[in-house]
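Hi,

Here is the structure I promised to pass on.

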Amino acid sequence: MGKALAAEFLGTFWLVLGGAGSAVLAAGVPDVGIGYAGVSLAFGLTVLTGAYALGAISGGHFNPAVTVGLFAGGRFPASNILPYIVAQVVGAIAAAFVLYIIASGKAGFDASASGFASNGFGEHSPGGYSIGAAIVAEFVLTAFFLIVIFGATDARAPAGFAPIAIGLALTLIHLISIPVTNTSVNPARSTGVALFQGGWAIAQLWLFWVVPLLGGAAGGLIYKYLLSSNDQR
């Protein structure tokens, strides 16, 4: 369990540093910035590389919604949910701290004013989307993320390719929803950066815990009861 929790800490650290780091440091650079597409790819690459590097140790969750979804789908024990989530959240906060130190090396940087890659809705949505739109996007996309994870790791799926499918799924999810919520589908990722934004991001953080967890559980249940083979239920 100790090695598994260390892997979850490191994997979530990598996800937040790579994904949120690309948004904070590289997305808006004039003329050569990576934009939404680049940030989307960065999030996908962190999961792909992290899953290959650490998945054999912990399963490569790196996300409380994935942990809850895997439990709902019958692939993860209830006793390990809380330790995994704690390790993920601590990893996300540590990565956000490192990112804050790096970003603060540029004169004029303000984590609160910039948003620090935080997730939001309403006036804090990148595209001005409502709370209703945010709820639907986060729920549906997290559910499908879990369906992809279950399907890619199913015993019937080709062996060795799961991290590629999962990483590309997360890329697609970001391409869809960055304008809506800045894309969470991961409560740990949302928490790490929100603590350093320090204002509205903390006030809106509840949505990026409640909705992804429900979406993850829904995805796990959908796969378990509608898509899995009988011997996997």
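This is a predicted model: local features need pLDDT of at least 70, side-chain atom pairs count only at pLDDT 80 or more; totals for chains, interfaces and linings use all residues.

Residues are numbered from 1 along each chain as its sequence is written, and side-chain values use heavy atoms, with hydrogens and water left out.

The largest pocket holds about 660 Å³ of space. Helix H1 (2-26), H2, helix H4 (81-103) and helix H7 (162-181) each give two or more residues to its lining. (Helices are DSSP runs of H or I with at least four residues, numbered from the N terminus.) The lining has 30 residues, and Ala23, Val24, Ser114, Phe116 and Ala117 lie nearest the centre. By class, 17 are nonpolar, nine polar and four charged. Here Ala, Val, Leu, Ile, Met, Phe, Trp, Tyr, Cys and Pro count as nonpolar, Asp, Glu, Lys and Arg as charged, and the others, Gly among them, as polar.

The second largest pocket comes to about 340 Å³. Of its 25 lining residues, Gly59, Gly60, His61, Ile149 and Ile166 lie nearest the centre. H7 supplies the largest share of that lining, five residues.

For both, a pocket is an open set of points on a 1 Å grid over the protein atoms alone, where a 1.4 Å probe fits, with protein on both sides within 12 Å along at least five of seven lines; lining residues have an atom within 4 Å of a point. Grid points are joined across faces, edges and corners, and a volume is the space filled by probe spheres set on the points.

Nine of the 11 residues of helix H8 (residues 187-197) are buried, so the helix is largely enclosed by the rest of the structure. (Buried is under 20% relative accessible area, exposed over 50%, partly exposed in between, with a 1.4 Å probe and protein chains only.) Asn186 caps the N-terminal end of H8, with a side-chain oxygen 3.0 Å from the backbone nitrogen of Ala188. Just after H8, Gly198 has a positive phi of about 80°.

Asn186 also turns up in the surroundings of Asn63: setting aside neighbours within four places in sequence, Asn63 is in contact (heavy atoms within 4.5 Å) with Glu8, Thr12, Gln88, Phe145, Val185, Asn186 and Pro187. Asn63 sits in the loop between helix H2 (35-58) and helix H3 (64-72), and is buried at a relative accessible area of 3%.

Aromatic rings

There are 11 aromatic pairs in the structure. Rings of Phe, Tyr and Trp (its six-membered ring) pair if their centres lie within 6.5 Å; planes under 30 degrees apart count as stacked, over 60 as edge-to-face and the rest as tilted. Tyr100 and Phe116 make an edge-to-face pair, 6.2 Å centre to centre with 75° between the planes. Tyr100 is in helix H4 and Phe116 in the loop between helix H5 (111-114) and H6, so the pair ties together parts 16 residues apart in sequence. Tyr100 is partly exposed at 33% relative accessibility, whereas Phe116 is buried at 1%. Ring pairs also link Phe97, Tyr100, Phe109, Phe116 and Phe196 into a cluster.

Cheers

Technical notes. A polar contact is a pair of N or O atoms within 3.5 Å; within protein, one must be able to donate a hydrogen and the other to accept it, and residues adjacent in sequence count only if both atoms are side-chain atoms.
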